[in-house]
Amino acid sequence: MKSVFRLVALVACIAGVQVQAGILSFADYHTPAGVDAALTQLNAAYPAQTAILTVGTSIQGRPIKALKISGSPGVDDPSKGDVVFVALHHAREWISVEMALYLADELLARYPGDAELHADMDRLQIWIVPVVNPDGYLYTTNTDRYWRKNRRDNGDGTFGVDPNRNWGFQWGLLSGASNMTSSETYYGTGPFSEPEVVAIRDFLAARQNLKCFMTYHSYSELFLRPWSYTTSAPPGATTLASLQSRAISRIAAVHGETYSPTIWYTSSGEATDYVWNQHRVAAFTTELRPTLGGIGGFAPPPAQILPSNEENLPSAMALIHDAARTGVWIKDYTGDTGQEPSAVWTGGGWSHAFWESPDISTVPAVLNQGATVNLNVTVHNDTGATQNNVTVDVYYTDPRISLEFPNPVAVLIGTRTLNLAPGDTTITLAWVVPTGTNSWGELHWCVGVVIKHDRDMPLTTQVQKSSNIGCRNFQTQPILTSAIVFVAAENYLHVAAEVVLHVDPLPEGWSVIIPHPPEPPYPEGPPLVRMSPSARKARLLNAKGAILEPGQTILIPVRVNIGPNVAVGTETDLRIHGALLPLIAGKREAAGNGYTFRLSADRR
Ligand code: 0X9
Ligand code: ZN
């Protein structure tokens, strides 16, 4: 007996498979009573790390249970991040319950021996709801194995509302949802009409530091992000898509299964749409094994449970790691330690001004509209090791439209991919300061930075909720446009003369325009265009400047344009030379003098 056991262990090691240390069995599906027993078993084995809670009651009065896993299961600790996994919105999707139980079992089993997971879990409260729909689950075990909805009596001889069409965001669209009570996707009488959905909604709302949400379904092998109600991209789609593609590669690395990031239909009133819209924390739907199978796909053989669970564990753990760590990060305000959230709404204002990251600055500090400045971004790596392939995305946005990064109106200034040594690293990007005003007419813009690493991803687009996102508000200076200097010219000669002006070269950023005078022939009124004698002379002499009769005085405007890169307050000399060229045949000699103006680049 002993030698047989040794042989099994050896085979497992050769195959590179970690011998599972969990205490639950996944040889077959857990019945509803079996789920309760499993939770009790975990709680008994890990009393210091677990608590069993009832988060709500089903339409038929059954408790909806959650297992809380944390270092302090008895108290709700707002300093810890909340990570929520739920399963079995849909009654027949039994394999989702197994995933939820397996995740709990593995986290608890690995906690003592895995230092990193241990540290992660000590910063979190992980909540696992294995059965959102207990009435439906029971019904699939005693009456109809392929029942999907809950067990609401619709009062017309039909039963059941689809809990995954009853969430209150974009509820009631006939987009993959139905208003017919008999339908498998009946959305209910109103948003949140179903107590099971209300229970999860209220449970999420009561979390003080929600980090992410995962809802397990089956089947098809998909890893889905919001939106579900439409095929259009949600705000923050790139953030969600990065998490999604990481998850898909982690899943594939286990047993080679390729989960798809898309589904072929839309569905409104769905859970992750509500969570992303309402809480702006990562929310995903995993459709577990198998890939194909008609109605039988909801009842894969029990031998599929363990591989399905195994391949979905690493992506769940990655989310847990993201939720727990600062890793690579940026400060939201001076004194920010990376703690999340770095600022909370206190009713009358924010606890910290999270739009003042000291890690984002410009050279020069004064931002003239249209000027190209250096934007410096400092990124911290507190992992103690070099982190390779860290991407830093830098945006600016109209803060009156959104303070999330990315957001649909944000403009990407640049992206850098870096190998980040431990400590602080500063990168520099060129930024063309926006001209004009924001949507509120203010000279006010916000630069946002999003830092992503395979082992430390942002789970939100909200600055204050993630140490991976920082922002800083900037005030721009109106464009320094132009100044007009009038040059007076008097013809003191006793013949008509051409006035010519010359301006000495100016420093970079300054330029001069001297408007060209009208060229001869000069119209002298209808009906005949006659030429004055001096105009005729001017044409003969190919004169280009203004023509003055003897004794005549004119003002010639000289426009000085001041470029955006000229710092406010800069002064320069404008040296203008003037000359009179008498309109007489022969060699024309210039007679005249010049002036120097002191120009100052004040704001206009
Ligand atoms: O239709 C559903 O509720 C889910 N599929 S299932 O077969 N388990 O019923 C998919 C919901 C998520 N849908 C999208 N993200 N489009
Ligand atoms: Zn489902």
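The model is a predicted one, in which local features need pLDDT of at least 70 and side-chain atom pairs count only at pLDDT 80 or more, while totals for chains, interfaces and linings use all residues. Residues are numbered from 1 along each chain as its sequence is written, chains are lettered from A and ligands numbered from 1 in the order in which they are written, and side-chain values use heavy atoms, with hydrogens and water left out.

Because Glu93 lies in the loop between β3 (81-87) and α3 (94-110) and His217 in strand β5 (residues 210-218), the pair ties together parts that are 124 residues apart in sequence. Helices (H or I, at least four residues) and strands (E, at least two) are DSSP runs, numbered from the N terminus. Both Glu93 and His217 are buried, where buried means under 20% relative accessible area, exposed over 50%, and partly exposed in between (1.4 Å probe, protein chains only).

Salt bridges form a further set of contacts, and the count comes to 24. Each is a side-chain nitrogen of Lys or Arg within 4 Å of a carboxyl oxygen of Asp or Glu. One of them joins Arg207 to Asp82, with the closest N and O atoms 4.0 Å apart. Arg207 lies in the loop between α6 (195-206) and β5, and Asp82 in strand β3, so this pair ties together parts that are 125 residues apart in sequence. Arg207 and Asp82 are both buried.

Another salt bridge links Glu498 and Arg588, whose closest N and O atoms are 2.8 Å apart. Since Glu498 is in strand β18 (residues 497-503) and Arg588 in the loop between β22 (571-582) and β23 (594-600), so the pair ties together parts 90 residues apart in sequence. Glu498 counts as buried at 3% relative accessibility, whereas Arg588 is partly exposed, with a relative accessible area of 23%. Salt bridges that share partners also join Asp76, Asp82 and Arg207 into one network.
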